[in-house]
Amino acid sequence: VQLQASGGGLVQAGGSLRLSCAASGGTFSRGVMGWFRQAPGKEREFVAAIAWSGGKISYADSVKGRFTISRDNAKNTVYLQMNSLKPEDTAVYYCASGPRVVKYLTAYDYWGQGTLVTVSS
């Protein structure tokens, strides 16, 4: 499975961005898709994940109520709608694919290259 993340950029605090992750080369519709992020000098952390049916979704506490993960299996794409962005959301955002909706990096088998989100204050 190859994953290509896009949609990052520079936005002011309080603004919105939508990230996309296009998958190819595998059975996208049967995999769990997740978003992680890594801020400068920090470890990569879980953001959100969604089951193949969309029936199970998990969010990190820090983004609940502000971020929404969704997927379009017909387009082999997962999205992360980010609203009310804060400077602390600044990070490289990675999409990943795995078998379960969990928060652990090691549970995900395939990773995209990352897209940079910068939130200015």
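Select Cys21 and Cys95: a disulfide joins them, with 2.1 Å from S to S. This is a predicted model. A disulfide is a covalent bond between the sulfur atoms of two cysteines. The count for this structure comes to one disulfide.

Now colour the strands around the bond. Cys21 sits in strand 3 (residues 17-24) and Cys95 in strand 9, so the pair ties together parts that are 74 residues apart in sequence. Is Cys21 buried or exposed? Cys21 is buried, and so is Cys95. Look along the S-S bond next. The torsion about the S-S bond is about 60°, so the disulfide is right-handed.

## Stop two: the aromatic rings

Show the side chains of Phe36, Phe46, Tyr108 and Trp111. These residues form one aromatic cluster. A search of the whole structure finds four aromatic pairs. A pair of aromatic rings is described by the distance of the centres and the angle of the planes.

Start with Phe36 and Phe46. Their rings pair edge-to-face, at 5.6 Å centre to centre and with 75° between the planes. Why is this pair a tie between separate parts of the chain? Phe36 lies in strand 4 (residues 32-38) and Phe46 in strand 5 (residues 45-50), so the pair ties together parts that are ten residues apart in sequence. Phe36 and Phe46 are both buried.

Where does Tyr108 lie? Tyr108 is in the loop between strand 9 (91-98) and strand 10 (110-111), while Phe36 is in strand 4, so the pair ties together parts that are 72 residues apart in sequence.

Phe36 has a relative accessible area of 0%, and a value under 20% means buried. Tyr108 has 5%, so Tyr108 counts as buried by that cut-off as well.

## Stop three: an arginine over two rings

Select Arg44. Which rings does Arg44 lie over? One is Tyr94: Arg44 lies over its face, at 3.6 Å from the ring centre. Another is Trp111, where Arg44 lies over the face at 5.0 Å from the ring centre.

## Stop four: the largest pocket

Rolling a probe the size of a water molecule over the atoms shows where empty space is left. The largest pocket here has a volume of about 170 Å³. To find it, select Arg37, Ala39, Lys42, Glu45 and Glu88. Of the 13 residues that line the largest pocket, these are the closest to its centre. What classes of residue make up the lining? There are two nonpolar, three polar and eight charged residues.

## Stop five: two loop residues

Select Asn76. Its place is the loop between strand 7 (67-72) and strand 8 (77-82). Check the backbone: phi of Asn76 is near 55°, a positive value in a residue other than glycine. Asn76 has 27% relative accessibility and counts as partly exposed.

Move on to Ser84, in the loop between strand 8 and strand 9. What is the phi of Ser84? Phi of Ser84 is near 50°, again a positive value in a residue other than glycine. At 42% relative accessibility, Ser84 counts as partly exposed.

Definitions and conventions: Residues numbered from 1 in each chain as written. Predicted model: local features only at pLDDT ≥ 70, side-chain atom pairs only at ≥ 80, totals over all residues. Heavy atoms only, no water. Phe/Tyr/Trp six-rings, centres within 6.5 Å; stacked < 30°, edge-to-face > 60°. Helix = DSSP H or I, 4+ residues; strand = E, 2+ residues; numbered from the N terminus. Buried < 20%, exposed > 50% of the residue type's maximum accessible area, 1.4 Å probe, protein only. Lys NZ or Arg CZ within 6 Å of the ring centre and 35° of its normal. Disulfide = S-S within 2.5 Å. 1 Å grid on protein atoms, 1.4 Å probe; cavity = no way out; pocket = protein on both sides within 12 Å on 5 of 7 lines; lining within 4 Å. Points joined across faces, edges and corners; volume = space filled by probe spheres on them. Nonpolar A, V, L, I, M, F, W, Y, C, P; charged D, E, K, R; others polar.
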